[in-house]
Amino acid sequence: MATLMEKDVLIEKIAAVLALISRNTPVEQLSESEDSKNLSALLRKINRTDEAELNFSDLVQQCNEIKAHYVN
């Protein structure tokens with residue numbers, strides 16, 4: 001269960017990780033990036049789901065795992 005503020009944090013976190021992926025992935029490969037596709041799908045899910053139905057800590061963990069692939 002997440003609060004409205006946590007939902008907003010998730011949206012911002014996903015946007016930040018997507019930006020990181022965009023900076024570190026060649027343009028030709030960006031549309032094929034599974035991480036980018038997964039985060040985009042997750043963002044759509046978060047936007048259409050009531051915050052009470054979201055598990056904040058699990059979603060943050062998912063984002064952090066993807067982010068770890070792109071951080072030096």
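Okay, before anything else, a salt bridge here is a side-chain nitrogen of Lys or Arg within 4 Å of a carboxyl oxygen of Asp or Glu. Keep in mind that we're looking at a predicted model.

The partners are glutamate 34 and lysine 37, with their closest N and O atoms 3.8 Å apart. The two sit three residues apart in helix H3, so about one helical turn separates them. As a reminder, an α-helix has 3.6 residues a turn, so residues three or four places apart point the same way. Glutamate 34 is partly exposed, at 49% relative accessible area, and lysine 37 is partly exposed too, at 41%.

Now step back to serine 33, in the loop between helix H2, residues 27-30, and H3. Is serine 33 buried or exposed? Its relative accessibility is 10%, so serine 33 counts as buried. A polar atom of the serine 33 side chain lies 3.1 Å from the backbone nitrogen of serine 36. Leaving out residues up to four places away in sequence, serine 33 touches Ile21 and Tyr70.

Last stop, helix H4. Which residues of H4 are buried? Those are Leu59, Val60, Cys63 and Ile66. Looking down the axis of H4, the buried residues fall within an arc of 125°, so they line one face of the helix. And what covers them? The cover includes helix H1, residues 4-24, and helix H3, residues 34-48.

Definitions and conventions. Residues are numbered from 1 along each chain as its sequence is written. This is a predicted model: local features need pLDDT of at least 70, side-chain atom pairs count only at pLDDT 80 or more; totals for chains, interfaces and linings use all residues. Side-chain values use heavy atoms; hydrogens and water are left out. Buried means under 20% relative accessible area, exposed over 50%, partly exposed in between (1.4 Å probe, protein chains only). Helices (H or I, at least four residues) and strands (E, at least two) are DSSP runs, numbered from the N terminus. The arc is that of the directions from the helix axis to the C-beta atoms. Contact means heavy atoms within 4.5 Å. A polar contact is a pair of N or O atoms within 3.5 Å; within protein, one must be able to donate a hydrogen and the other to accept it, and residues adjacent in sequence count only if both atoms are side-chain atoms.
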